[in-house]
Amino acid sequence: MMQLDLFPLGATSDELGQRTFRQLKRSGLLANEETYQQLSLDSLLAKLDIEFQMTPSQREFLFDKGELEACVSADQLPLEAMSAGKYVGIIADLMSQAFARDLPIPLSVHALEPDETWQNDLSNGHCDFRTMVVPSGEDPRFSFTEDFFQQPLVMATTTDTLFVNDLYHWGAEK
Amino acid sequence: MVGGDLFGYIDEASTVANEIQRTYPSALKIGATLEQEIGFAMAVPADQPELLKLLNTLALRIGGDELSVQNAYNNWISVRSETVLTTAFSGRSWVSSPS
């Protein structure tokens, strides 16, 4: 029997979700340590969106890896840094959100030592990818994604200097 | 620069803003914005095309979510607001400090 007018198409019911969860636990189909999480259709669709685009070999690659390890700068705020063992900064926020939202495996980080370059660490397999580079295209050992964060170039001046619209303007005044 | 040896220092906006905010809030400001931008990307070993494709999709989704990018920026940078008034008469730009 189907009761078509109980819920609108696409609706989710937290009450039904909790009841089903309890039933699955009682029947032993879910482990005791599992906890109930409210289903959000938006977050589910956001995850499906990228997961649908994965090829079987990408899925296999991710599940074999278990996590993706990123080479990150230890001291480059506000972009990214390690603080008390935690990955922080603008890029860190963007990466953490994107992994939690879009990928089925977690992000882990490998902080670059001050005397080490990301090129060496990535080549030596200390991490799977580098979070934040300005692509040069000149090193055949690496490939680069599209840009995901853009910033304009700016010039810092002393506070008593008038605002300069562009460097050509500044050059002419100079 | 604060000592007067240099006229200006050029870098990407978030790093300059952070350094001014953290170290020289009363002595330095962002005095010019250039037309050029720096774009940050992810790098993978060249022999990992599957990972590149996956992270490229992720990069496009991060970059396309302007609200999240703006929120992440605002979490780390508070920009001092300045109004730039360009006078057509003199062709020069002036800065008006916020009241």
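## Ground rules

Residues are numbered from 1 along each chain as its sequence is written, while chains are lettered from A and ligands numbered from 1 in the order in which they are written. In this predicted model, local features need pLDDT of at least 70 and side-chain atom pairs count only at pLDDT 80 or more, whereas totals for chains, interfaces and linings use all residues.

## The interface as a whole

Let's begin with the totals. Chain B brings 59 residues into contact with 54 residues of chain A; contact here means that C-beta atoms, placed from the backbone, lie within 7 Å. Elements of chain B that each supply at least two residues to this side include β1 (9–12), β2 (28–45) and α2 (49–64). Helices (H or I, at least four residues) and strands (E, at least two) are DSSP runs, numbered from the N terminus.

The largest share, 18 residues, belongs to β2(B). Sorted by class, the side of chain B that touches chain A holds 37 nonpolar, 15 polar and seven charged residues. Ala, Val, Leu, Ile, Met, Phe, Trp, Tyr, Cys and Pro count as nonpolar, Asp, Glu, Lys and Arg as charged, and the others, Gly among them, as polar.

## Strands across the chains

Now follow strand β8 (residues 149–158) of chain A. This strand and β2(B) pair in the antiparallel sense over nine bridges, pairing being called when DSSP finds at least two bridges between two strands. Within β2(B), E37(B) is the bridge partner of P152(A).

β8(A) also pairs with β1(B), again antiparallel, over four bridges. There, M155(A) stands opposite I10(B).

## Helices that cross

Which helix of chain B crosses helix α4 (residues 90–102) of chain A? The partner is α2(B): the two axes come within 10 Å and cross at roughly 115°. Axes are lines fitted to C-alpha atoms, for helices over the stretch in contact, and angles run from 0 to 180 degrees between N-to-C directions. The two helices are therefore roughly perpendicular to each other, a label for angles of 65 to 115 degrees.

At this crossing, L94(A), A98(A) and D102(A) meet L58(B), R61(B) and I62(B).

Technical notes
Contact = placed C-beta atoms within 7 Å. Parallel < 35°, antiparallel > 145°, perpendicular 65-115°, else oblique.
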